[in-house]
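Work through the exercises below with the structure in view. Each task is followed by its solution.

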Amino acid sequence: MVVAYLRVSTDKQHLNNQKQEIRRYAAKKGITIDQWIEETISGTKDQKLRKLGSLLRRLKKNDTLIISEISRLSRRLLEVMSILNTCIRKGIIIHSVKEGYELTDNINSKIITMAFGIVAEVERNLISSRTKEALANKKAQGVILGRPLGSAPKMNILEKNSKTIMELLDSKVPYVQIAQLFEVSIGTLCSYVKKLKNSP
């Protein structure tokens, strides 16, 4: 089975360009596309929450996945790494049109995946460094971080640290690290941030 996966982040963007690129590529390679999967969702959303997650679970050995570019899989490099590794391990062939990649279970594909891994490790270290710097700055300003003493509800903890939370998000600190910092669940943090952004 050959599946083309297309994704845009907002309704204001269009899938047509991606579709035309993939069609031209498939024609040039002599590939017949059996199914088109399209979705409008942010690439920062976990792939398990997207159509992509369901698609990856269905694809089997020797199936082919075609994308217009690697960033269609995810905007998070660590997740791109995870998806590529999963596909190569399952024997799924990946074609990325813009980059010209054809990833299979061969040495060249493994080298490319290893290169992504090195970059992903650098990104991890940069995120960790940004987090530590942001926290050090907050502490220097006298901001009390973490769970306050007593039995205040979790939302109250977030309320008291709303400014810090927004600054951390602006610094691109991942939700999971912010949730760990304030000892709340990802769901609680996401609900609070959504409420914060919708407030007048």
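**Exercise 1.** State how many aromatic pairs the structure holds.

Step 1: take the rings of Phe, Tyr and Trp (its six-membered ring), which pair if their centres lie within 6.5 Å. Step 2: the count for this predicted model is 0 aromatic pairs.

Side-chain atom pairs count only at pLDDT 80 or more, local features need at least 70, and totals for chains, interfaces and linings use all residues. Side-chain values use heavy atoms, without hydrogens and water, and numbering starts from 1 along each chain.

**Exercise 2.** Find which residue lies over the face of Trp36.

Step 1: look for NZ of Lys or CZ of Arg within 6 Å of the ring centre and within 35 degrees of the ring normal. Step 2: Lys19 lies there, 5.5 Å from the ring centre.

**Exercise 3.** Describe how helices H6 and H8 pack.

Step 1: H6 spans residues 162–170 and H8 residues 186–198 (DSSP runs of H or I, at least four residues). Step 2: their axes, lines fitted to C-alpha atoms over the stretch in contact, with angles from 0 to 180 degrees between N-to-C directions, are 12 Å apart at about 95°. Step 3: H6 and H8 are therefore roughly perpendicular (65 to 115 degrees).

Note on methods
Phe/Tyr/Trp six-rings, centres within 6.5 Å; stacked < 30°, edge-to-face > 60°. Helix = DSSP H or I, 4+ residues; strand = E, 2+ residues; numbered from the N terminus. Parallel < 35°, antiparallel > 145°, perpendicular 65-115°, else oblique.
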